[in-house]
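Subject: Structure for you to look at

Hello,

Please find the structure below. My notes on what was found in it follow.

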Amino acid sequence: MYVAVKGGEKAIDAAHRLLADRRRGDRDVPALSLEQIAGQLGLAVDRVMAEGSLFDPELAALAVKQSRGDLIEAIFLLRAYRTTLSRFGYARPVDTAAMLIERRISATFKDLPGGQLLGSTFDYTHRLLDPALATDEAVDAPDHRAGDGAATPRVTDLLGDEGLIEPDAKGGAEPGDLTRISPEFPMDRDLRLQALARGDEGWLLALGYSTQRGYGRTHPFVGEIRIGEVEIEIDMPGLDFPVVAGRIRLTECQMVNQFKGSAKEPPQFTRGYGLVFGQSERKAMAMALVDRALRARDFGEDVVAPAQDEEFVIAHCDNVQATGFVEHLKLPHYVDFQAELQLVRAMRAEWASAPEDERREAAE
Amino acid sequence: MNTPSIAAYNFAYLDEQTKRMIRRAILKAIAIPGYQTPFASREMPMPYGWGTGGVQVTASIIGPDDVLKVIDQGADDTTNAVSIRKFFAKVANVAVTTRTGEATIVQTRHRIPEEPLSEGQILVYQVPIPEPLRFLEPRETETRTMHALEEYGLMHVKLYEDIARHGHIATTYDYPVKVEGRYVMDPSPTPKFDNPKMHMSKALQLFGAGREKRIYAVPPYSRVVSLDFDDHPFEPQTFDKPCAMCGAESVYLDEVILDDRGGRMFVCSDTDHCETRRAKGHRGELAGEIPEAAQ
């Protein structure tokens, strides 16, 4: 019995061998390829890239496979790899106005320059299980139409022309890097947005939802959501023009929120911003809701709801941190528990030996 | 698609720039005993809460000539201790030991070895929540101000309330200490039994909290005083029985449940201490009944 509570190298090795076996599953069924995961479970791969903060569909697919489909575990794997990569430099801010659009919708205007483009979406599908998908039935090729080359300006820029919406924050300052500092509160918005972009989708979804139910209302409208590829440009030493390092796929959500104005500011719409790797409208929208809620102090709004509380939201949004600390409870705690056992036994002994009236007094 | 091959890792996993950053934080922590120094904690290949702070501290100070010992709950053979020791054996290729006296670095979770540490040794603690005031005030912005102003009244009120309610202080581990008369510090969740060992320790004590991104330190020969009151002095745990395996007294014991009829035995939590004593011929009351081969 004494031996059984101890771990040991052999037990760990055996557990890992069993894990590898369970991961592979029935050997008569072909193993999943990374192409299959990246190609057919693309939204899982996108989530892993977004919260893993590393845009690499191949590595993310590997992480999904290695984690047996546990996406937080996959995010953890990708993060632990990302942290070892050296920084070559910081890219220029991406220009989402120049995005190669796959999907773009606005809920605030029926039509607008660049149009509404549905793209691939679950919206308006009936959620009926499709038995045809259980087999490998042929799928029709989609329709493509050539783009007309017209610009697709951001809704916020269109509203900005009239001064109806707050302008973009002043750019130019070197953005912080959350993974290279020990963050402090209160946090600047650049770091806060980084934290939200890496943050857990479920956490942000619940907090964003809570603002809609009255815990820190922000009166949001989806100004627009756009999904597509943008170029990543880097300034190289010795070159006076930026170099395109590659393309990444992004989902951007510009939330337009009401603001009454104050003595200092005329009434105008305010903004919440969401930007994530890959295709995830849910995450981008939730992020935009939470971003706006967290700006309460900027607008002199009362901070009364959880979603407005920066330290609470940001300190708990990272699912790799959260899962690690929650799951560390399964590590042995015998020495602390022993200390508590002793204390409870001593307190019970005191209680048992005390006369009844003293007990009642102590309880009061 | 090709399976990506991941390049070899640097000595002790972390890159040298990161180690330099962490060493600077360690130096600052040593210069201000008990102060929680922020550092840019890296994401590590083990989960947060499983020793990422301690691992980063160890990775930053370890050299090829070091001898590493890793314990969890006082034991060298608990699963997480095994895992961390294997990690360093792999990425730093250093000598590892279970002997407290042979180690130059001891990384620990929840215990301080029974054998007194000596000059030149470093004890690295894994810390889950570095802030001793955290459960009295959840906000970092508030607690940092409280430390800056040396405003520790809240902690004394908490301890006083324990006495008012229970007749004694009901904190058994994570028992707060004051370092060099200035900062109140969380000793990490070691049982309060171990607190006196921190006082005037000959070894350097470093504390790493990875998730919370803090490093703090107690330099050798520093005063470390457990908080208490004149009429309710600090009292570490005591055990009625000696270790059932090696007969040691005045050591911290683990309670092991032997059967479902209330059978219990108490054995040294510090496995190295227990084994060393048994090798010297010390025997506890149940030592003969445990099959040695099973270990």
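This is a predicted model: local features need pLDDT of at least 70, side-chain atom pairs count only at pLDDT 80 or more; totals for chains, interfaces and linings use all residues.

**Cysteines**

Residues are numbered from 1 along each chain as its sequence is written, chains are lettered from A and ligands numbered from 1 in the order in which they are written, and side-chain values use heavy atoms, with hydrogens and water left out.

In chain B, the closest cysteine sulfur to that of B:C268 is in B:C246, at 3.6 Å, which is too far for a bond. B:C268 is buried at a relative accessible area of 1% (buried means under 20% relative accessible area, exposed over 50%, partly exposed in between, with a 1.4 Å probe and protein chains only). For B:C274 the closest cysteine sulfur belongs to B:C243, 3.8 Å away and again too far for a bond. B:C274 is also buried, with a relative accessible area of 1%.

**Chain B: the sheet**

Chain B has an open sheet of 7 strands with mixed pairing, in the order β1-β9-β8-β5-β4-β2-β3. Helices (H or I, at least four residues) and strands (E, at least two) are DSSP runs, numbered from the N terminus, and two strands pair if DSSP finds at least two bridges between them. At the edges of the sheet in chain B are β1 (37–38) and β3 (95–96); each has a single partner strand, so one side of each is left without a neighbour in the sheet.

Strands β8 (residues 204–209) and β9 (residues 214–218) of chain B are antiparallel and share 5 bridges. In this pair, B:L206 is opposite B:A217.

**Chain A: strands and helices**

In chain A, β2 (residues 220–234) runs antiparallel to β3 (residues 243–257), joined by 14 bridges. One of the bridge pairs is A:E233 with A:V244. β3(A) also pairs with β4 (residues 270–277) of chain A, in the antiparallel sense, over 8 bridges; there A:L250 has A:F277 as its bridge partner.

Helices α3 (residues 42–52) and α4 (residues 57–66) of chain A have axes that come within 9 Å and cross at roughly 105°. Axes are lines fitted to C-alpha atoms, for helices over the stretch in contact, and angles run from 0 to 180 degrees between N-to-C directions. Contact means heavy atoms within 4.5 Å. A:V45, A:V48 and A:M49 of α3(A) meet A:P57, A:A60, A:A61, A:A63 and A:V64 of α4(A).

Regards

Key:
A disulfide is a pair of cysteine sulfur atoms within 2.5 Å.
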